[in-house]
Every structure is written in structure tokens, then in C-alpha cells.
Amino acid sequence: MPRRTLLRSALGLGAAAALTACGSESTTARTTGDVTLSLWTHDPGYEAFFRKGIPEADRLTDFRYHLDVTRAGPADLVTKLLAQAVAGRGTPDMVGFEIGSFPRMLRGDIAPRLLHDLTPDIAAVPGLKDDLLPARTAPYSKDGKVYALDSDTPMVVYYYRDDLFTKWNLPTDTSTWEEFAEVGARVHKDHGASLCVVSTVGSDTGQVVQSFQMLLYQRGGAFFDTDGKLVLDSPEAEEALRFLCQGLRTGFVIDISDYYGAAMQTALKTNRVVGLPMAIWYKNYGLVANVPEQKGRWRVRALPRFTKGGGVTAALGGTGFGVVKDKANTRAATDFLLNTWLTHEGQVRRFTETGYLPTRRSVYKDPRLNATKDEFCGGQRLFTLYRSLLPDVPAFYQSPDQSILFDVLAGNLLRAYRGDVSPRQALKQTAADYRDQAGR
């Protein structure tokens, strides 16, 4: 039976609560044979992936696997996990943490008390530690220990309508954002179209923040450093925000209520949005879902650079799968995760079946992936582009108070977009509001 600890604000409870992974459940470790793993996830695509991986896991381990899957919203999964841990029963063996929900596990000692430390398991596989991308283990790490393994290396790229760029004689190889913004201003004046998008739904703070986050991290800025200290108020952040604000004034940037709903669908269908920076997964969830009839018309390229520095991509999103510690199935769940999620074949299959990019460097050399053509993007070999962007993928460090930052930042971003405050004022106010509410 593991020791108990106090769980306070993670559950939003005024009184202290006892946190334990096992409670009255058996903790006699299973080491072989048939095992039914309880898996919690928010996405049916992950369920399908893991179910299809059972035969391979059976072959590579001492277990014969079955899955009992529960699906719920990302935030609900974490709330339920913490509640069941307090109750001492009903926790899953394996759980998928959407990246924005994982910071709740970073508060106090919740992650080390509740989740299995995967660091020794990674180290035990020859070459794996050096092959895993640190940028994608960072969001799920605390004090140098890894508590979940990411589903993706969700690079940010630039999507554009190749047919309209050709018709309007627009360059597709503009090297800097500053030059591209000039092109975008002319496009808006001549055709009423925009080449960049920001979300302005105040109630969906995540989307509002993401519009800015992509360019912030590409430019070399960040929200938090490796210790979870706020570093938002920086020259890089001010430059990225000023760039978006100026773009809104010229029409290069358009404000849309959200990236996925009816407003965006209309803007795409009526050619008001003919290009935008977004993560690789947006092709399936945003473009294919909203404008399937535009198959073959879209293309993907690296982001233009900022003149003053930064890279040609960023990262946005992800889901890390972790294992609950001190349970009868902890060993079995760990073996299952490593032998489906992290094998070379598993990472290849994850891209071909879900579109999510590998988190191991070596897999980017796989000839099957590099030969893959994307029909929605006119037969473009997208994987070769993604491989070229790999060195520029930045790490994303999280804080247990990240939700506070997103709340105050979203409001100040909207004020800056409207012109009510300057970019500098918006960032300084965000930092002040965050420190006031987070107490640090």
C-alpha cells in the first residue's frame, strides 16, 4: 500500500483529501498471463490504435492482453482519476492525458504519488532514451522524471490553397513573415481574403491562446521555463503579438470565432480564409472535416521565419499516456504501453493510422513514411517536410498554474487585438494578473 498525501486544489476541494493509487484494490503484481487493462481516453482513435496493437504486445511480452476502455472528455478524465484515487478504488491502469489537462498532475506531488515513473523503463531499452525527442517528453515530466509518453510531435505548419495562390500569382516560398504579411495585405485588398487566422471566442481560452502560442514558440519565446517559472513577458512575445495585431489591421489576419465551427467552415468555403498556420493534425480535424470538397487544392509548407530570429515551426497539442502506479497491472500496463506506443513499427503504424508523427528520431528515416503521399494535399509527400522541420521543434514546459495563465492571457490578447491596449501592455498585465492569482 503506498503512502498517502494531501490533495487540495487539484480537485477543487476546500478540505484536504487522501490520495492513494490502490486503496483496497489488490496490489499483488501480475507478471505473466491473461490481463485485462483498464484504459481511459478521450479519443476513439487511440482506443482503435491500442486494440489493433494487442497481437504485437502479446508477442513481445509475457502477457495476453484485453482492454476495458472508458471514454470521457479530457478534463473529466483527470477529475475522475483524482477522485477515484482519493476514494482508493476504481483508478484505471492506463490513462491518456490531453496536454492541456496534464498540468493538474504537476501540482504538489500528485504525479509521483499517482503515476508510474517511466524513466527507468525508457532507460532499460537500448538506445531509446537518446532516440526519444526531449521536446515531447518535457510536457509530461517533473523533476527529471517522465510520467507519460506523447502521442505525437504536433508540428505547426502553414496550410494554403494552392489553386488560389496560382490563380492570384502569389508566392509560395516567401522566406519571412514580414514579407508574407505584405503579400497578405495585398491579397485582402484585392480579393477580400486572409492568409492568417486568430480565434476570438472568449469562452474558449485554449483556442484564443493557441493562435498566439504558435507564433510565440516559433519566434523563440515561451510561457514557462523548465522550472515552471513564467517567462511570457519577453521581447519575443511582444514581437509575435504585435505582428498579429498589425495583421488584423491590414486584413492579412482575420478573426474567427473558432477554428472548427460554422464560422470557419463558411470562411473556408467562401475563400475568405485561403491560408493559415496550424498544427499537422488540423488537416484532418479542421480542413477535411469542414471542406472535404477542397481535396487536392491544399498544400503544406514550413512557416516563414521571423526576421529577428526563431525557427520554422512550433508544436501545438499532444496527448501523453501514463500508467497508474502500485497496482496489480502496473507492470503489464507499462509493458503494453512501451510495446505498442514506442516500438518502431508502432510509431509507423501510429502515423499511417492516425496521422500523428513519431516521437522517436530514428523513425523519421523510415522509407515507408517518406514515400507516403497525401491526396488531400495534392499528392504531396508531407512526411519529408516534417522530417526537415524536426530540428526546429521547441520544447513545451508546463506549470500546475497553467490554466490561470490561459484565462488571464486570453482576455488580454483579445484586448490587444481590439486595440484597447498595446501588445506590451497586454503582456505586462497578463504577467501581473497571473502572479496575483497564482501567488508566484
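Lys 145 lies in strand β7, which spans residues 145-146. The model described here is predicted. At 39% relative accessibility, Lys 145 counts as partly exposed, because that class falls between 20% and 50%. Beyond its neighbours within four places in sequence, Lys 145 is in contact with Asp 117, Thr 119 and Tyr 140. Ala 111 is 34 residues from Lys 145 in sequence. The C-alpha atoms of Lys 145 and Ala 111 are 9.8 Å apart in space.

Helix packing comes next. Two packed helices are described by the angle between their axes and the distance between the axes. Helix α11 covers residues 235-250.

The crossing of α9 with α11 is right-handed. On the α9 side, the contact involves Trp 177, Glu 178, Ala 181, Ala 185 and His 188. These residues meet Glu 239, Phe 243 and Thr 250 of α11. By class, four residues of this contact are nonpolar, two are polar and two are charged.

α10 passes α11 in a right-handed crossing. From α10, the contact draws on Ser 211, Phe 212, Leu 215, Leu 216 and Arg 219. From α11, it draws on Glu 236, Ala 237, Glu 239, Ala 240, Leu 241, Phe 243 and Leu 244. Eight residues of the α10–α11 contact are nonpolar, one is polar and three are charged. Glu 239 and Phe 243 of α11 take part in both contacts, meeting residues of α9 and of α10.

A further site is a loop serine. Ser 399 lies in the loop between α17 (382-389) and α18 (402-418). The relative accessibility of Ser 399 is 0%, so this residue counts as buried. A polar atom of the Ser 399 side chain lies 3.0 Å from the backbone nitrogen of Asp 401. Not counting residues up to four places away in sequence, Ser 399 touches Pro 103, Leu 106, Phe 224, Gly 228, Tyr 434 and Arg 440.

Conventions: Residues are numbered from 1 along each chain as its sequence is written. This is a predicted model: local features need pLDDT of at least 70, side-chain atom pairs count only at pLDDT 80 or more; totals for chains, interfaces and linings use all residues. Side-chain values use heavy atoms; hydrogens and water are left out. Axes are lines fitted to C-alpha atoms, for helices over the stretch in contact, and angles run from 0 to 180 degrees between N-to-C directions. Helices (H or I, at least four residues) and strands (E, at least two) are DSSP runs, numbered from the N terminus. A crossing is left-handed if the near helix is turned anticlockwise from the far one by less than a right angle, and right-handed if clockwise. Contact means heavy atoms within 4.5 Å. Ala, Val, Leu, Ile, Met, Phe, Trp, Tyr, Cys and Pro count as nonpolar, Asp, Glu, Lys and Arg as charged, and the others, Gly among them, as polar. Buried means under 20% relative accessible area, exposed over 50%, partly exposed in between (1.4 Å probe, protein chains only). A polar contact is a pair of N or O atoms within 3.5 Å; within protein, one must be able to donate a hydrogen and the other to accept it, and residues adjacent in sequence count only if both atoms are side-chain atoms.
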